[in-house]
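Try each task before you read its solution.

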Amino acid sequence: MNKSDFYYDLPEQLIAQTPVYPRDCSRMLVYDRKTDFIEHKHFYDVIDYLQKGDVLVINNTKVIPARIYCHREGKEEVIEVLLLKRIDYNHYECITKPAKKLKLGTKIIFSDKLVAEVKEIGEQGIRILEFFFEGVLENILNEIGTMPLPPYIKEKLEDQSRYQTVYCKQSGSSAAPTAGLHFTEELLDKIKAKGVEVAEVLLHVGLGTFRPVKEEDILKHNMHSEYCEIDEKNAQIINNAVKDGRRVICVGTTSVRTLESLADECGFVKAEKMDTNIFIYPGYKFKVVKGLITNFHLPESTLIMLVSAFMGRENALNMYKIAVEEEYRFFSFGDATLII
């Protein structure tokens, strides 16, 4: 299976640069897997497709101001650091640019409150940094860091909260779980009032989600690991639905990857904390997920491969072709799809 099998042509003007206000007024393409029928709706219509007894699974991760800038000790040039994954109290896996300046043992200065040293060197600009600071690292990042918007977003984000879901709780992501950006608190309340249960899982979004596929043979692509977890309470909500034959509908590919990583062959998930590098592409047999809310993803990405596994590659590419023709907005701040 080749990377080029998941290519589609996207006019640059369809890449969303700013979020829609209000959140739930974005457009939504609805695809029915049984009938191949497509409808064009708005996201606030999602409640019409949810049934009493469904379980809606959301990722409650919170994006940290993960893009920070520094310089080498005794130098003045600017180096960009993107925090990817916290290893322990003061060690982070990072992408650095330009990486060639950060050799083993290099000391770097972020501010008078934060310095670091390069402890390990990885591939493609990855460095393990040991941070030295007084106080709480998260508070320092809030002072000096910026939201790690994807490089295809060129416009400044005026309201930083728009790159967070309204239900975010646990800090640790280097990118937003963007399917969740469409929900408002009011819409979630209406969904719950209809009898839909909401289960929370956690996956801290890192390099595994947005790293480009460089190998033409996708089976040679190495997924980077990301931290995920499900607690006892939410595992029980999901497992009760599986046992009763009720639908489990995931908000975002990160929720899908969390459930499928922690599920057994019968579709029951276990309450556990782990690192996952699951790579879902056509041929994968889903164990838990019966529906998916997600955005439109980059060509040849692992995310469009996951969507293709869920609905069929030809169906996915046809859906994307229609979305382009209908001028849907694409990527992080773009419109949504509901695949049921």
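The exercises go from the whole chain to single residues.

**Before you start**

This is a predicted model, in which local features need pLDDT of at least 70 and side-chain atom pairs count only at pLDDT 80 or more, while totals for chains, interfaces and linings use all residues. Residues are numbered from 1 along each chain as its sequence is written, and side-chain values use heavy atoms, with hydrogens and water left out.

**Exercise 1. The whole chain**

Solution. 
- Step 1: Start with the elements. Helices (H or I, at least four residues) and strands (E, at least two) are DSSP runs, numbered from the N terminus.
- Step 2: The C-alpha trace spans about 65 × 45 × 40 Å along its principal axes.
- Step 3: Turn to burial. Buried means under 20% relative accessible area, exposed over 50%, and partly exposed in between (1.4 Å probe, protein chains only).
- Step 4: Look at contacts, meaning heavy atoms within 4.5 Å. Among contacts with a separation of 6 or more, 70% link residues 24 or more positions apart.

**Exercise 2. Charges**

Task: How far apart are the mean positions of the positive and negative charges?

Solution. 
- Step 1: Decide what counts. Lys and Arg are positive, Asp and Glu negative; His and the chain ends are not counted.
- Step 2: Compare the mean positions. For the 44 positive and 51 negative charges, they are 1 Å apart.

**Exercise 3. Helix H6**

Task: Is helix H6 mostly covered or mostly uncovered?

Solution. 
- Step 1: Find the helix at residues 302-311.
- Step 2: Count its buried residues. Ten of its ten are buried, so H6 is mostly covered. Among them are Leu303, Ile304, Met305 and Phe310.
- Step 3: Look just past the end. Gly312 follows H6 and has a positive phi, near 95°.
- Step 4: Look at the loop between strand E16 (291-295) and H6, where Glu300 lies. Phi of Glu300 is near 65°, a positive value in a residue other than glycine.

**Exercise 4. Val248**

Task: Is Val248 buried or exposed, and which residues does Val248 touch?

Solution. 
- Step 1: Locate Val248 in strand E14 (residues 248-251).
- Step 2: Read its accessibility. At a relative accessible area of 1%, Val248 is buried.
- Step 3: List contacts, not counting residues up to four places away in sequence. They include Val55, Val57, Ile238, Leu259 and Val288.
- Step 4: Look along the chain. Val248 and Asp54 are 194 residues apart, yet their C-alpha atoms are separated by 6.1 Å.

**Exercise 5. Polar side chains**

Task: Which partners do the side chains of Glu200 and Gln17 reach?

Solution. 
- Step 1: Know the rule. A polar contact is a pair of N or O atoms within 3.5 Å; within protein, one must be able to donate a hydrogen and the other to accept it, and residues adjacent in sequence count only if both atoms are side-chain atoms.
- Step 2: Take Glu200, in strand E12 (residues 197-203). The side chain of Glu200 makes a polar contact with the side chain of Asn60 at 2.8 Å.
- Step 3: Take Gln17, in the segment before strand E1 (27-32). The side chain of Gln17 reaches the backbone nitrogen of Glu155 at 3.5 Å.

**Exercise 6. Backbone details**

Task: Which residues do the cis peptide bonds at Pro22 and Pro98 join?

Solution. 
- Step 1: Go to Pro22, in the segment before E1. The cis bond joins Tyr21 and Pro22, with omega about -20°.
- Step 2: Go to Pro98, in the loop between strand E7 (91-97) and strand E8 (107-111). The cis bond joins Lys97 and Pro98, with omega about -5°.

Key:
The place of a charge is taken as NZ of Lys, CZ of Arg, CG of Asp or CD of Glu.
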